[in-house]
Each structure stands twice: as structure tokens, then as C-alpha cells.
Amino acid sequence: MPYVDKITVDDTTYDIRDTVNANEIKNIESFFPHSGDTGTIVTVNGTVDVPLAELVVYGKSTQDGTPTPSAPVNIVTAGSSGTLPMVSAGKNLLIPKADGTYTQQGVTYVISDGSISVSGTYTGSAFSVAVFGNYVLPPGSYYFNGQNGVDSGNYKLTLQLFNLDTSLQMVNLDRGTDYAFTFTNATNVQVRIGFRAGLTLSEPAVMTPMIRPATITDAAFAPYNGISVAIPAPNGLPGIAVSSGGNYTDADGQQWICDTFDLTAGTYTRRCSTILSYDDETIPGAYLSTTGGLTAGATVVYALATPVTTSLTEAQLTALRSLRGKTGITNIYSTDTGEPEIRAELYIDIPTYIDSIINRE
């Protein structure tokens with residue numbers, strides 16, 4: 001959750017919603033570590049631009065369907081490409097196209113710091129052009145906005161959100177409203193500008209595309225402010241769902257035995273391993289298989305009998321340390337389709353955070 005209503009300082013717990021307590025705690029600390037949140041995306045309000053107080057990344061391996069020897073199902077593992085992409089970003093999750101001036105059949109659009117200024121008369125038929133993406137969002141609920149009511153109701157100038165995994169247009173915004181959506185899986189998205197015949201703009205129209213987590217109610221535009229890093233993961237970051245004995249429990253109560261990157265401890269712990277082509281190796285416990293069983297040639301991800309912990313490499317430490325808080329709102333997440341989960345603790349500015357608690361709807 002992005003908010004907590006109580007903060008403990010020096011063994012005293014303060015209820016932020018109580019005005020007296022809120023004013024008192026504002027005078028105690030300038031900033032304070034927020035209790036750790038977990039999930040595929042961690043969103044915290046009132047943060048400051050300093051290194052993270054805590055970060056642990058939990059691996060995951062999943063299958064889309066029930067495998068059999070005659071109908072194998074691939075295993076998708078976080079970091080299977082050899083690197084794990086991670087992001088720390090502010091309120092807006094959309095990474096914009098490079099600043100510049102572009103033309104399209106009589107229309108000029110200028111991208112500057114994430115906003116789009118459109119001018120001219122469109123001379124073609126219906127057409128759309130990509131301005132943001134291709135970009136993977138982790139599972140979660142979000143809002144998309146930024147059309148700002150330009151040419152409202154005429155659909156001659158629109159902001160479009162596409163799901164590239166299904167090749168479907170999700171929404172065609174022609175007015176300044178929020179579009180709410182939820183992804184149950186990591187999904188590749190793209191934002192486009194839509195033009196239709198008859199579009200004439202006597203003065204530039206400014207659009208401000210933004211995707212934000214649904215836990216953030218403030219719809220005001222904020223330019224993208226983030227950093228993306230690639231964490232070396234030569235073994236991937238696997239994890240197996242189990243009924244008991246896991247080292248991580250997700251929001252649905254599912255336990256996982258999973259590899260971890262722990263920035264706070266400076267360690268990499270392997271709890272799983274992968275066999276690319278099974279050949280009668282001994283499997284000590286829980287496993288996933290592309291065939292559903294221990295059959296020759298299957299790819300098998302299995303839990304090790306004993307975890308192995310080593311120090312993070314300098315390359316891994318450098319990448320993880322690059323992820324830090326942002327001023328105001330911070331989102332920590334991975335764009336890997338393997339959907340690793342995260343535990344993050346960030347430092348918050350007490351006065352800003354308390355004001356956001358008191359003033360939220």
C-alpha cells in the first residue's frame with residue numbers, strides 16, 4: 001500500500017490522522033524510513049531523493065497452462081535473458097520518445113519533457129503514430145490520461161493506448177478523463193496519437209500522456225522522472241510456487257521458494273536451479289517441468305535441497321544502488337515478463353507525507 005496511517009519514532013506510535021499527533025511528529029524528523037512494501041510494483045508517497053533504505057528482489061517461474069508430455073508448456077522465469085530490468089520512477093510510468101519535432105501529413109507534433117504539442121491541418125485519412133513504448137508494465141491497476149479535452153467529442157485528435165501482446169487498442173481518449181485498467185500479467189503497451197480527416201488546429205494543442213498506479217489519485221501531469229537498470233542475472237531469478245516452506249508469500253497468500261537479490265545484505269541467494277534438458281538427474285523436492293513430470297528432455301526448474309548464498313557482484317551492486325527514491329512519489333518495479341516481486345523500504349519526508357495523508361480523499 002502507498003500509505004500508512006501510523007508512524008513509530010523512538011518507541012512512540014503516532015496516529016497521523018490525529019491533527020495534534022501529525023503536527024507533533026512533523027517536528028520530530030525531517031525524513032524517516034517507510035515500512036517495507038511488497039508486490040510486483042511498490043508505490044510510496046512523500047518520498048525523498050536518496051538511496052533506498054531496503055531492497056529485496058524475489059524470483060519467479062510460471063507457466064501459462066497445464067503441461068503434459070504431449071502438450072508441453074514453456075516456463076517463464078524472471079531474468080531468463082541473463083539480465084533483470086528494474087526501474088525506479090516518479091508518478092508517471094511512461095518513458096517518452098526522445099524530445100524533438102516530427103511531422104505527419106500536414107500536422108507537426110513537438111515532444112518536450114513528455115508533453116506533446118500538436119499543430120496544423122491533417123491532410124490524410126485516419127492514422128495513428130506511436131509516441132511512447134514499447135514498454136512493459138507489471139501486473140497491477142493503473143490510470144491512463146492526458147488528452148486534456150482537446151477537440152473533445154470529435155475523435156479527430158486522440159490519445160490511444162494499445163496492448164501490444166494482444167495487438168488490441170484498449171482506449172481511444174478524445175477528452176480529459178482517466179481511463180482505468182488492470183493487467184493480471186506483465187503486458188507490453190504503446191501510446192499513440194490518433195489523427196482523423198478534418199483536424200485543424202488554429203493554435204497548438206498540448207497533450208500530456210501519463211500512466212500512474214491506481215493507488216495515486218492525483219491526476220495532475222508529472223513528466224517522467226526515472227531510471228532503468230539491467231541487473232546481471234546469469235542464472236535468471238527463478239522461483240517455484242509451493243504450499244509450504246517458502247521464503248516469500250505474495251499478496252494472494254501464495255508461498256514461493258525463490259532466488260533473491262538482497263541489496264541491504266549485499267547477497268544473492270540461490271534456492272532454485274534449472275535443468276534445460278532433463279536426463280534422469282536427482283530432483284530433491286518441488287519442481288516445475290515443461291512436460292508436467294520428470295520426462296527425458298524436459299526443462300525443469302527445481303528447489304535446491306540447501307540454499308546457496310554468495311555476495312552480490314560489483315556489477316549487480318552498482319545496478320541495484322542506482323535505484324533510489326524520487327521527490328514526492330516513487331515507484332519501484334521490474335519490466336521483466338517473468339514478473340519478479342519486490343520488497344522496498346524508502347525514506348519519506350514527514351511533513352509532505354503527513355499532508356498527503358490528511359488531504360487525500
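Which residue in S28 is the bridge partner of leucine 288? That partner is valine 301. The model is a predicted one, where local features need pLDDT of at least 70, side-chain atom pairs count only at pLDDT 80 or more, and totals for chains, interfaces and linings use all residues. Residues are numbered from 1 along each chain as its sequence is written, and side-chain values use heavy atoms, leaving out hydrogens and water.

Strands here are DSSP runs (E, at least two residues), numbered from the N terminus, and two of them pair if DSSP finds at least two bridges between them. S27 and strand S28 (residues 300-311) pair in the antiparallel sense, with three bridges. Both belong to an open, antiparallel sheet of seven strands, ordered S4-S30-S6-S25-S26-S28-S27. S4 and S27 (287-289) sit at the edges with a single partner strand each, so one side of each has no neighbour in the sheet. On average, neighbouring strands of this sheet are turned by 20 degrees against each other, direction ignored (axes are lines fitted to C-alpha atoms).

Another open sheet has three strands in the order S22-S24-S23, again with antiparallel pairing. Its edges are S22 (239-242) and S23 (248-249); each has a single partner strand, so one side is left without a neighbour in the sheet. Two bridges join S23 to S24 (residues 255-258), and tyrosine 248 stands opposite tryptophan 256 in S24.

Key:
Helix = DSSP H or I, 4+ residues; strand = E, 2+ residues; numbered from the N terminus. Axes fitted to C-alpha atoms, helices over the stretch in contact; angles between N-to-C directions.
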